[in-house]
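Please look through the sequence and the model below before reading on. The report that follows takes up the fold, the core, the ligand shell and the confidence of the prediction.

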Amino acid sequence: MAKLEVCLSILYVPLILNTFLFYSVVTATYYESISPTLLRSHEKLTHLRFYFHEIITGPNPSLIVIDPPKVVANSPLPFGSMVVIEDPLTLGPELDSKRIGKVQGFYLSNTQREGIELEIVMGMALHFLEGEFNGSTLSVLGRNQIINEVRELPIIGGTGAFRFARGYILARTVKVDYLKGDATCEYNVYVYHYPSTTSSSHHQNFDEGLQFMTDPILNKI
Ligand SMILES: *[C@@H]1O[C@H](CO)[C@@H](O)[C@H](O)[C@H]1NC(C)=O
């Protein structure tokens, strides 16, 4: 009988150890499910309208063309060109109207076809600096065929008041100075988002992940 107990306990040791290890691994995760009610607010649909200015001329151009590709193409922006922008966003169509933010980003010329019918892909962050959305950003990435009267760009995310943002922008050119190249576009933004800007404590709930790294038993394996 005593022998049997010894045998059993020998069998149990790895079993207990396994269970313990398994338990440690299971609790020491780097992820958790959280209730969407933690957002403490409801999804909201917001429409914003503002104007986007590209200023090519003057002492401080708001865009620069990065190393144009070495191709001879009859196009103002040959295939492969990259443009970096930091453009002002204003309340009205005039450049000197109230500034409500800026846009930082890039665009790439993505067609091999020649001519002035540019096809670009734009990636940008709209950064608001006024009112309810001061400090919040919207991320935009999509195709823009400039020759079209109205272009649609997808909103793929956001920060601050625009967390979980999704939506689209309708962009319309309202003014182009063909001599200088300066242009103004009207942006109508339709965005679903959660207006709450409170950051919840659940961001700091991952102490167990640190224990996972320093777990004395796991270190011995
Ligand atoms: C926007 O937020 C910044 C940083 O918090 C602050 O300094 C600035 O005064 C705010 N602007 C407006 C117009 O509220």
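## Terms and overall fold

Two strands are taken to pair if DSSP finds at least two bridges between them. This is a predicted model, and the pairings described here are therefore read from predicted coordinates.

The secondary structure of the chain comes to three helices and nine strands, and the order of these elements from the N terminus on is α-β-β-β-β-β-β-β-β-β-α-α. Of the 221 residues in the chain, 18% are buried. Among contacts between residues at least 6 apart in sequence, 51% join residues that are at least 24 apart.

## Strand pairing

Strand β3, which covers residues 82-90, runs antiparallel to β4 and is joined to it by nine bridges; within this pairing, Thr90 has Arg99 in β4 as its bridge partner. On to the next pair, β4 and β5 also run antiparallel and are joined by nine bridges, with Val103 finding its bridge partner, Leu126, in β5.

Strands β8 and β9 are antiparallel and are joined by ten bridges, and here Arg166 stands opposite Tyr192 in β9. The hairpin that these two strands form has six residues between the strands, and in it Gly181 takes a positive phi near 95°. Strand β9 also pairs with β1, in the antiparallel sense and over eleven bridges, where Phe52 stands opposite Cys185 in β9.

## The nonpolar core

Which residues have the most contacts inside the largest nonpolar core? They are Leu89, Met122, Leu126, Leu138, Val140 and Ile169, in a core of 24 residues. At least two residues of this core come from each of β1 (44-54), β4 (99-109), β5 (119-128), β6 (137-145), β7 (150-159), β8 (166-176) and β9 (183-193). The element that gives the most to this core is β5, with five residues.

## The ligand shell

The residues around the ligand are Leu129, Glu130, Asn134 and Gly135. By class, this shell divides into one nonpolar, two polar and one charged residue.

Phe164 lies in the loop between β7 and β8, and its phi is near 65°, a positive value in a residue other than glycine. Most residues other than glycine have a negative phi. Is Phe164 buried or exposed? Phe164 is exposed, because 12 other C-beta atoms lie within 10 Å and a residue counts as exposed at 12 or fewer.

## Confidence of the prediction

The mean pLDDT of the chain is 82, and 76% of its residues reach 70 or more. Among the elements of the chain, β7 has the highest mean pLDDT, at 97, whereas helix α3 (residues 216-219) has the lowest, at 46. Over residues 211-221 the pLDDT is below 50, and this stretch has seven contacts in the model beyond near neighbours in sequence.

Definitions and conventions
Residues are numbered from 1 along each chain as its sequence is written. This is a predicted model: local features need pLDDT of at least 70, side-chain atom pairs count only at pLDDT 80 or more; totals for chains, interfaces and linings use all residues. A residue is near a molecule or strand if its C-beta atom, placed from the backbone, lies within 6 Å of it. Ala, Val, Leu, Ile, Met, Phe, Trp, Tyr, Cys and Pro count as nonpolar, Asp, Glu, Lys and Arg as charged, and the others, Gly among them, as polar. A nonpolar core is a set of buried Ala, Val, Leu, Ile, Met, Phe, Trp, Tyr and Cys residues joined through C-beta atoms within 7 Å. A residue is buried if 20 or more other C-beta atoms lie within 10 Å of its own, exposed if 12 or fewer, and partly exposed in between; C-beta atoms are placed from the backbone. Helices (H or I, at least four residues) and strands (E, at least two) are DSSP runs, numbered from the N terminus. Two residues are in contact if their C-beta atoms, placed from the backbone, lie within 7 Å. pLDDT is the predictor's confidence in each residue, from 0 to 100.
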